[in-house]
Amino acid sequence: MIDHIVVLTGAGMSAESGLSTFRDNGGLWEQHSVYDVATPEAFTRNQELVLRFYNERRRQLESAQPNNAHRLLAKLEQHYRVTIITQNVDNLHERGGSSNVIHLHGELTKARSSKHPELVYDIGFADIHPGDTCERGAQLRPHIVWFGEEVPMIEAAAEIVPTADHLLIVGTSLQVYPAAGLVDLVDFDVPITVIDPGEPANLSRARVIRKGACEGVSQWVAGLENR
């Protein structure tokens with residue numbers, strides 16, 4: 001049976017494709033407080049601002065390209081079973097070639113009903129405007145898990161992690177829960193590698209490669225191939 005590589009990715013993965021992160025600029029995202037654009041209360045308070053913010057992020061994503069780390073992870077599928085569990089809302093893993101991606105925090109290229117969360121629509125890079133509604137008449141909103149909301153895909157991720165033969169963590173400080181708690185579900189004898197230029201939290205048993213995503217993933221893949 002081929003090995004199963006589970007990869008947990010965060011904002012540092014997308015940063016090397018030019019997408020902004022919260023972590024690098026003091027809790028601001030494109031100069032907006034997260035509490036102004038990434039909470040249900042913000043959407044209630046200023047729907048137009050929130051929609052415009054995510055429309056801009058969608059346009060930014062359209063011009064971004066997968067980086068070498070995305071492509072290297074996708075190529076692993078030629079020899080391994082690979083599951084990507086990402087905290088990122090972009091589609092760069094899919095565009096880089098990965099076929100099995102779980103998005104914990106939603107997907108920027110989708111919209112959903114603000115009152116009927118089961119109604120989800122692929123919109124690509126199109127804008128969402130005030131007055132755009134689902135077939136049941138409710139305003140559309142970004143298909144994003146905002147602060148204070150449940151993470152519906154966490155259960156699927158929690159079922160996957162214990163099946164890992166390798167756990168690779170790329171571009172995340174492991175400080176955002178519940179995603180950070182997934183690491184505790186891996187079997188004790190499974191090797192864990194963290195690729196991040198910062199200091200990972202609470203992972204004394206992990207091998208740490210203190211490099212950016214592209215350089216670090218390249219080093220890790222080369223080591224895997226030379227085993």
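Predicted model: local features only at pLDDT ≥ 70, side-chain atom pairs only at ≥ 80, totals over all residues.
1. Where is the place of His4? His4 belongs to strand β1, which spans residues 4-9. His4 is buried, because its relative accessible area is 2%, and buried means under 20%. Leaving aside neighbours within four places in sequence, the contacts of His4 are Arg81, Val82, Thr83, Ile160, Thr163, Ala164, Asp165 and His166. Tyr80 lies 76 residues from His4 in sequence, yet the two C-alpha atoms are 6.1 Å apart in space.

2. Asp3 is in the segment before β1. Its relative accessibility is 24%, so Asp3 counts as partly exposed. Asp3 and Leu104 are 101 residues apart along the chain, and 23 Å separate their C-alpha atoms.

3. Gly10 is located in the loop between β1 and α1, the latter covering residues 11-15. Gly10 is buried, with a relative accessible area of 1%. Not counting residues up to four places away in sequence, Gly10 touches Gln87, Asn88, Val170, Gly171 and Thr172. Gln219 is 209 residues from Gly10 along the chain, and the C-alpha atoms of the two are separated by 18 Å.

4. The next point is the division into domains. The domain assignment of the protein chain gives two: domain 1 is made of 1-19, 66-105 and 152-226, and domain 2 of 21-63 and 107-144. Taken over C-alpha atoms, the centres of domain 1 and domain 2 are 25 Å apart.

5. How many residues of domain 1 are in contact with domain 2? The number is 16, and they meet 11 residues of domain 2. The size of an interface is often given as the accessible area lost when the parts come together. Between domain 1 and domain 2, about 1000 Å² is buried, and 57% of it is on carbon and sulfur atoms.

6. His105 carries the UniProt annotation "active site", from an unreviewed entry. This residue is in the loop between β5 (101-103) and β6 (106-113). Is His105 buried or exposed? It is buried, at a relative accessible area of 15%. With residues up to four places away in sequence not counted, His105 touches Thr86, Gln87, Val89, His143, Ile144, Val145, Val151 and Val176. Gln87 is also among the residues that Gly10 touches.

7. The UniProt record, again an unreviewed entry, places the feature "binding site" at Tyr54 and Arg57. Tyr54 is found in helix α4, and Arg57 is in helix α4 as well. Tyr54 is buried, with a relative accessible area of 1%. Arg57 is buried too, with a value of 7%.

8. Arg57 also has a ring beside it to report: Arg57 lies over the face of Phe53, 4.7 Å from the ring centre. Elsewhere, the charged end of Arg205 is placed over the ring of Phe188, at 4.8 Å from its centre.

9. The structure holds 3 aromatic pairs. A pair of aromatic rings is described by the distance of the centres and the angle of the planes. For Phe43 and Trp146, the ring centres are 5.5 Å apart and the planes stand at 40 degrees, so this pair is tilted. Why does the pair tie together parts that are 103 residues apart in sequence? Phe43 lies in helix α3 (residues 40-45), whereas Trp146 lies in the loop between β8 (140-144) and α7 (154-160), so the pair ties those parts together. Phe43 and Trp146 are both buried.

10. Trp146 also pairs with Tyr54. That pair is tilted, with 6.3 Å from centre to centre and 40 degrees between the planes. The pair links distant parts of the chain, Tyr54 being in helix α4 (residues 47-63) and Trp146 in the loop between β8 and α7, 92 residues apart. Tyr54 and Trp146 are buried.

11. Which residues do ring pairs link into a cluster? They are Phe43, Phe53, Tyr54 and Trp146.

How values were computed. Residues numbered from 1 in each chain as written. Heavy atoms only, no water. Phe/Tyr/Trp six-rings, centres within 6.5 Å; stacked < 30°, edge-to-face > 60°. Helix = DSSP H or I, 4+ residues; strand = E, 2+ residues; numbered from the N terminus. Buried < 20%, exposed > 50% of the residue type's maximum accessible area, 1.4 Å probe, protein only. Lys NZ or Arg CZ within 6 Å of the ring centre and 35° of its normal. UniProt positions renumbered as here; feature names shortened; annotations may be inferred. Contact = heavy atoms within 4.5 Å. Domains from an automatic or database assignment. Buried area = accessible area lost by both parts, 1.4 Å probe.
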